[in-house]
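Below are some notes for a colleague who is opening this structure for the first time. Please read them with the structure in view.

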Amino acid sequence: RSTCDFECSGVSVRTVKLSSPRRSRRLVGKLAFVAAIAKARRIVSQTLVAEISYDPDGVWYSNYAPLKKHNTLRIAHLHEALIDPANRYFERSASKIMHSFDLVVVADRNRGDLLKKQLGLAEKPMVIPNYPLLCDTPTTPVDRDPSVFRVVYVGSIGFHQGFDAIVRSIPDWQQPAFLLVAGNNQTPQAIQIAALAEELGVSDRIKFVGLISLSEVVSFISSADLALTLLCPVHDQWRFAAGASNKRYQCMQAGIAQISDMNPDVPELIERQGLGLCVAPDAPEAIASAVNYYISHPDECRIAGKKAQDFYRSNYHYQIPFKQLLDWIKSAGTKSEATTGESTQAKQCES
């Protein structure tokens with residue numbers, strides 16, 4: 001990307017564009033990225049640092065970029081576990097490399113168990129869910145037209161997100177409910193979903209708004225009454241996503257109730273805490289029933305949304321789980337410095 005949505009006092013961000021339709025430009029971008037890693041390593045060559053590599057491609061770049069330092073804490077921070085390490089180059093490479101890293105981090109505890117098994121790790125990876133950063137002030141829901149009930153979805157638009165069942169459920173939604181969808185609506189699956197809506201005669205009850213920026217997501221969600229956060233358990237990556245699915249926590253941040261799935265840990269996260277309802281993501285009747293419940297119980301819908309926002313502010317923002325990584329870095333750094341000091345003293349005695 002040419003811009004970066006991340007800002008933090010005292011932190012500078014450099015973006016290197018790697019994607020391009022031209023192979024030569026992609027190669028130049030990759031070389032520039034490797035050079036940027038090497039430059040950063042040279043600048044901090046005399047200091048103990050933690051180098052965090054995101055996802056398998058980041059692990060690969062960290063391993064093969066020059067000027068690796070012996071006093072660097074190397075951390076592999078994975079949004080996913082490995083999907084297909086036998087056939088995906090970066091995943092295959094990362095699965096061989098990560099044993100040499102000091103720490104592996106994943107976003108969901110079940111994915112931690114899965115990755116430990118996939119890689120044969122001695123210890124279970126650290127779990128840091130994909131919570132949003134804590135905002136200074138709570139998100140204030142926008143004024144809504146009480147005569148219209150808006151259901152919202154933000155993210156990838158495909159059958160794995162339950163859209164086949166969602167669209168088939170819409171004819172049974174009570175009027176005047178309709179669906180707002182933000183995401184890339186030009187993909188083959190999104191086009192198929194739009195065609196299905198046309199076939200079922202519900203095109204007028206779905207509005208595709210296209211891609212929106214990350215900075216707009218929470219306010220966009222807060223403009224609705226209810227959210228959908230379904231994932232079909234087609235493989236372990238999405239079956240184990242209670243901590244990894246950003247959209248669930250963005251809905252909490254926005255302060256609205258949500259209808260989610262029955263995958264491991266999701267009912268405990270959403271339904272049992274009174275933040276929404278959980279249904280089978282491939283069941284149109286169940287989706288329609290959940291939507292209609294909140295249409296018929298607007299006060300419960302608002303209470304669930306308020307409770308969700310309170311949970312976000314008290315428990316489900318990124319600063320809370322990320323602190324354990326900062327504490328680990330501090331502890332590991334102290335041990336490393338102590339070991340380095342002992343080695344220096346031993347050499348002095350020998351001399």
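Which residues does Lys-247 touch, not counting residues up to four places away in sequence?

1. In this predicted model, Lys-247 touches Tyr-153, Val-154, Gly-155, Leu-228 and Thr-229, with residues up to four places away in sequence left out of the count. Lys-247 itself belongs to helix 9, which covers residues 246-254.

2. Lys-247 is buried but forms no salt bridge. A salt bridge would need a carboxyl oxygen within 4 Å of the side-chain nitrogen; Asp-261, the nearest side chain of opposite charge, is 8.6 Å away.

3. Helix 9 lies across strand 5, strand 8 and strand 9. The helix runs at about 165° to strand 8.

4. The sheet is open and has six strands in the order 7-6-5-8-9-10, paired in parallel. Strand 7 (206-210) and strand 10 (276-278) stand at the edges with a single partner strand each, so one side of each has no neighbour in the sheet. On average, neighbouring strands here are turned by 20° against each other, direction ignored.

5. Strand 5 (residues 149-154) and strand 8 (residues 226-229) run parallel and are joined by two bridges. Val-152 has Ala-227 in strand 8 as its bridge partner.

6. Gln-258 sits in strand 9 (residues 257-260). Is Gln-258 buried or exposed? Gln-258 counts as buried because its relative accessible area is 0%. Its side chain makes a polar contact of 2.8 Å with the side chain of Thr-229. Leaving aside neighbours within four places in sequence, the contacts of Gln-258 include Ala-227, Arg-248, Cys-251, Ile-270 and Leu-277.

How values were computed:
Residues are numbered from 1 along each chain as its sequence is written. This is a predicted model: local features need pLDDT of at least 70, side-chain atom pairs count only at pLDDT 80 or more; totals for chains, interfaces and linings use all residues. Side-chain values use heavy atoms; hydrogens and water are left out. Helices (H or I, at least four residues) and strands (E, at least two) are DSSP runs, numbered from the N terminus. Buried means under 20% relative accessible area, exposed over 50%, partly exposed in between (1.4 Å probe, protein chains only). Lys and Arg count as positive and Asp and Glu as negative; His and the chain ends are not counted. Contact means heavy atoms within 4.5 Å. A polar contact is a pair of N or O atoms within 3.5 Å; within protein, one must be able to donate a hydrogen and the other to accept it, and residues adjacent in sequence count only if both atoms are side-chain atoms. Two strands pair if DSSP finds at least two bridges between them. Axes are lines fitted to C-alpha atoms, for helices over the stretch in contact, and angles run from 0 to 180 degrees between N-to-C directions.
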